[in-house]
Amino acid sequence: MWRTRRVDLGEMKATIFHNPACGTSRKTLAILRETPGVEVEIVEYLKAPPSRERLTHLYARAGITPRQGLRIRGTNAEELGLPDADGDAILDAMAVNPALIDRPLVETDKGVRLCRPQDVVHEIL
C-alpha cells in the first residue's frame with residue numbers, strides 16, 4: 001500500500017539552531033532548504049544563544065533531557081563536571097556558554113529534534 005504525504009507549500013516554518021562550522025548542522029540546513037514548502041529561520045546560536053527558558057522548552061518538546069542535549073566533544077563540559085550534573089546545572093552552564101549546546105536543534109510545528117544524524121530532521125517535516 002502506498003502512502004502519500006501532502007505538503008502545503010509555504011505553510012511550514014522550521015527554526016534551526018545552527019553552527020556553520022559543524023558539518024552535521026550544514027547538512028541538516030541543506031535538507032531544510034531543499035524541502036519544498038519549508039520556510040527556514042537560521043539562528044546562529046553561538047552569536048544569538050537561546051535563553052535558559054527557551055532551551056527548557058526546546059528539550060521538553062524534543063522529549064530529551066538537558067544532559068542529552070549537552071555537547072561534550074570539543075567543550076569543557078567534563079572539566080565542569082556536567083556529564084554528572086543535574087538538568088538545572090546543565091541548563092545554567094549552557095546559558096552562559098552556548099558552545100555546550102549540542103547541534104543542530106530544529107523546531108517545527110510538528111516538534112523539535114536534535115538532528116544527529118541529520119536525517120532525523122525528516123521526523124518533523
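1. Let's start at Gln118. At 19% relative accessibility, Gln118 counts as buried, because the cut-off for buried is under 20% relative accessible area. Bear in mind that this is a predicted model.

2. Where does Gln118 sit? Its place is in the segment after β4, the strand that covers 111–114. Setting aside neighbours within four places in sequence, Gln118 is in contact with Thr24, Lys27, Thr28 and Ile31.

3. Now for Thr108, which has its place in strand β3. Buried or exposed? Thr108 is buried, with a relative accessible area of 2%. If you skip residues up to four places away in sequence, Thr108 touches Met12, Lys13, Ala14, Arg61, Ile124 and Leu125.

4. There is also a polar detail at Thr108 to look at: a polar atom of the Thr108 side chain lies 3.0 Å from the backbone nitrogen of Lys110.

5. On to the rest of β3, residues 105–108. Which way do its side chains go? Leu105 and Glu107 point one way, while Val106 and Thr108 point the other way. All of these are buried, Glu107 included.

6. What does β3 pair with? One partner is β1 (residues 12–18), antiparallel to β3 over three bridges. Within that pairing, Val106 in β3 is the bridge partner of Ile16.

7. β3 also runs antiparallel to β4, and four bridges join these strands. Leu105 stands opposite Leu114 of β4.

8. Stepping back to the whole protein chain, the secondary structure comes to three helices and four strands. Read from the N terminus on, the order of elements is β-α-β-α-α-β-β.

9. How does the overall size look? A compact globule of 125 residues would have a radius of gyration near 14 Å, and the protein chain has 15 Å, so the value agrees. Along the principal axes, the C-alpha atoms fill a box of roughly 50 × 30 × 25 Å.

10. Of the 125 residues in the protein chain, 43% are buried. Among contacts with a separation of 6 or more, 65% come from residues 24 or more positions apart. The accessible surface of the protein chain comes to about 7300 Å², and carbon and sulfur atoms account for 49% of that surface.

Notes:
Residues are numbered from 1 along each chain as its sequence is written. This is a predicted model: local features need pLDDT of at least 70, side-chain atom pairs count only at pLDDT 80 or more; totals for chains, interfaces and linings use all residues. Side-chain values use heavy atoms; hydrogens and water are left out. Helices (H or I, at least four residues) and strands (E, at least two) are DSSP runs, numbered from the N terminus. Buried means under 20% relative accessible area, exposed over 50%, partly exposed in between (1.4 Å probe, protein chains only). Contact means heavy atoms within 4.5 Å. Two strands pair if DSSP finds at least two bridges between them. A polar contact is a pair of N or O atoms within 3.5 Å; within protein, one must be able to donate a hydrogen and the other to accept it, and residues adjacent in sequence count only if both atoms are side-chain atoms. The radius of gyration is taken over C-alpha atoms; the globule rule is 2.2 Å times the number of residues to the power 0.38. Accessible areas come from the Shrake-Rupley method with a 1.4 Å probe; for residues, only the protein chains shown count as cover.
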